[in-house]
Every structure is written in C-alpha cells, then in structure tokens.
Amino acid sequence: MRRKKRFEGLDVLVAERGGALLATAVLLTGSRVAGEDLLQAALERLMRNWSRVHGDKEGYLRRTLYHLAVDRWRLRRRRPEVLTEVEPASQADGTEALHIRQALTQALAMLPPRQRAVLVLRYWEQLSEAEAAETLGCSVGTVKSTASRGLARLRELTAGWAIEDARV
C-alpha cells in the first residue's frame, strides 16, 4: 500500500502519455527496441527521483529522455550505428504516407544527434524554440541554428525523391 502512494500518478502518466513518449524515444534512437530501452531508463530515473520532482513529471521525464539519448550518442560516437526500420502506426489505406514516413524516419536517423534531437522537439513534439532550448539546456539561438542546419541536411538527403518517384 505504501509503495502505491509513493509513486502516485505514475500509472496515469504512463497510461495517458506512454504512447507519445515511446514514439519520441523511437525517433531519438532509430529503432523500437532501443526506444523502449531508452524510455525504461528514463522511467527508472524518474522513479529514483520521484520525491524530488515537483510539478511537471512528464516534463522531467522528457528532459531525461533527451539527455539519456544524447549521452548514448556520445558514448557511441566512434562506433557506427546500425539502424533498423521503424514500424510507424498503421494508417487506413495510406500506403504512400507510410512510405514517406519510413523514408523520413530513415533520413532523420542520418542526422547528427543534436540536429535530430532539435528537429524531433520542434517538429514532432511541436515545442516552441524557447521550450526546446529549455529542454536541451541551450540557448534559443542554438536551437534556431541547429534546426536550420538540420532541415538543410534533410533537404539534401531527400532531394532525389521527386526524381525517383517520377521514374516509377
């Protein structure tokens, strides 16, 4: 009984926001399995610090997610990543949208870690520049410049898509 009161609200947070948190973790890591591991590590850290986290528990969890992802990228900087295809949620009769989503996810995985994190925060999570800067612990200017470079790199990576589609 005491344990249940200690983590009061955690089950509701995971039930209501778990899918969105997992989707973010998958995008940050590049695979569902790695995303699940990342989310589990972030939840463990939240539970260890539960009594010290006041206010927005989801915000703390999201910041922890991003920081753990960056830590993992730093540890593997010299080793190449092997990414698998991400299985996005199915859409009713939207095979073209599914193809584009998979291709964009793969292109996103080719970006450097900081650019990937900024683009996920800004365009997937739809955070403002100020909110993304606060989450990542950097300035708004850094978020703006990193997002600009990340979008430019995505344009380079996807430039040939229209040509390939026209040939088919």
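Predicted model: local features only at pLDDT ≥ 70, side-chain atom pairs only at ≥ 80, totals over all residues.
Two packed helices are described by the angle between their axes and the distance between the axes. For α2 and α3, the angle is about 135° and the axes lie 8 Å apart. The crossing of α2 past α3 is right-handed. On the α2 side, this contact is formed by Leu10, Leu13, Val14, Gly18, Leu21, Leu22, Ala25, Val26, Leu28 and Thr29. The partners contributed by α3 are Arg32, Ala34, Gly35, Glu36, Leu38, Leu39, Leu43, Leu46 and Met47. By class, the residues of the α2 contact with α3 comprise 14 nonpolar, three polar and two charged.

Helix α2 also packs against α4, which spans residues 57–75. Here the angle is about 25° and the axes are 11 Å apart. Since angles under 35 degrees count as roughly parallel, α2 is roughly parallel to α4. The crossing of α2 past α4 is right-handed. Leu13, Arg17, Ala20, Leu21, Thr24, Ala25 and Leu28 represent α2 in this contact. They meet Lys57, Glu58, Leu61, Arg62, Leu65, Tyr66, Ala69 and Trp73 of α4. The contact of α2 with α4 contains ten nonpolar residues, one polar residue and four charged residues.

Rolling a probe the size of a water molecule over the atoms shows where empty space is left. A search of the whole structure returned one cavity of 30 Å³ or more, and the volume of the largest cavity is about 30 Å³. Its lining consists of Val14, Gly18, Leu21, Leu39, Leu43 and Leu61. Two elements, α2 (10–29) and α3 (32–48), each give two or more residues to this lining. The greatest contribution comes from α2, with three residues. In terms of class, five lining residues are nonpolar and one is polar, with no charged residues.

Methods
Residues numbered from 1 in each chain as written. Heavy atoms only, no water. 1 Å grid on protein atoms, 1.4 Å probe; cavity = no way out; pocket = protein on both sides within 12 Å on 5 of 7 lines; lining within 4 Å. Points joined across faces, edges and corners; volume = space filled by probe spheres on them. Helix = DSSP H or I, 4+ residues; strand = E, 2+ residues; numbered from the N terminus. Nonpolar A, V, L, I, M, F, W, Y, C, P; charged D, E, K, R; others polar. Axes fitted to C-alpha atoms, helices over the stretch in contact; angles between N-to-C directions. Parallel < 35°, antiparallel > 145°, perpendicular 65-115°, else oblique. Left-handed = near helix turned anticlockwise from the far one by under 90°. Contact = heavy atoms within 4.5 Å.
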